[in-house]
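Here are my notes on the model you asked me to look over.

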Amino acid sequence: MEEKNTPNLTYFFRFFKPYQAMVILTFVFLIGARLASTYDPVLLKNLIDGVTTNQPFNLLIGTIVAYFGLKLASNLLEFLRDYYYSPVMMGVSRDIELAVF
């Protein structure tokens, strides 16, 4: 019987081991950014409904501030995700190249 020489996921994940904390931090930022961008349409709907039903101006200002705060949080979390994951990508690809060649 011929033995297969195919790498499995454990072989691949061992390259991520030195960057484990950064990968976990990246997932936290990813989940936060996705949650913030998921809630954006709800606030936009509330804003549009508030304008069409003549809600008080203070409530509209609060909704606008919350909407743009969520946009800012989403963009900031996406930036942090990329900032912390870029060294992981470069390091893992470098380690894989060194292991292969």
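1. Helices (H or I, at least four residues) and strands (E, at least two) are taken as DSSP runs and numbered from the N terminus. On that basis the protein chain has 3 helices and 0 strands, and from the N terminus its elements run α-α-α. The radius of gyration of the protein chain is 22 Å, well over the 13 Å that the globule rule gives for 101 residues, so the chain is more spread out than a compact globule. That radius is taken over C-alpha atoms, and the globule rule is 2.2 Å times the number of residues to the power 0.38.

2. A word on the source. This is a predicted model, in which local features need pLDDT of at least 70 and side-chain atom pairs count only at pLDDT 80 or more, while totals for chains, interfaces and linings use all residues. Residues are numbered from 1 along each chain as its sequence is written, and side-chain values use heavy atoms, with hydrogens and water left out.

3. Dimensions and surface. Along its principal axes, the C-alpha trace of the protein chain spans about 75 × 30 × 20 Å. The chain exposes about 7900 Å², and carbon and sulfur atoms supply 68% of that area; accessible areas come from the Shrake-Rupley method with a 1.4 Å probe, and for residues only the protein chains shown count as cover. Of the 101 residues, 21% count as buried. Buried means under 20% relative accessible area, exposed over 50%, and partly exposed in between (1.4 Å probe, protein chains only).

4. Contacts. Contact means heavy atoms within 4.5 Å. Among contacts in the protein chain between residues at least 6 apart in sequence, 81% join residues at least 24 apart.

5. Asp-40 and Leu-70. Asp-40 is in helix α2 and is buried, with a relative accessible area of 5%. Setting aside residues up to four places away in sequence, Asp-40 touches Tyr-67, Leu-70 and Lys-71. Leu-70 is placed in helix α3 and counts as buried at 19% relative accessibility. Beyond its neighbours within four places in sequence, Leu-70 is in contact with Ala-36, Tyr-39, Asp-40 and Leu-43. The C-alpha atoms of Leu-70 and Pro-87, 17 residues apart along the chain, are separated by 27 Å.

6. Thr-63. Not counting residues up to four places away in sequence, Thr-63 touches Leu-43, Asn-46 and Leu-47.

7. Asn-54. This residue sits in the loop between α2 and α3 and counts as exposed, at 68% relative accessibility. Most residues other than glycine have a negative phi.

8. The largest pocket. A pocket is an open set of points on a 1 Å grid over the protein atoms alone, where a 1.4 Å probe fits, with protein on both sides within 12 Å along at least five of seven lines; lining residues have an atom within 4 Å of a point. The largest pocket holds about 190 Å³ of space, and its lining includes Phe-13, Phe-16, Lys-17, Arg-81 and Tyr-85. The elements that give two or more residues to this lining are α2 (20-52) and α3 (57-100), with α2 giving the most, 5 residues.

Notes: Grid points are joined across faces, edges and corners, and a volume is the space filled by probe spheres set on the points.
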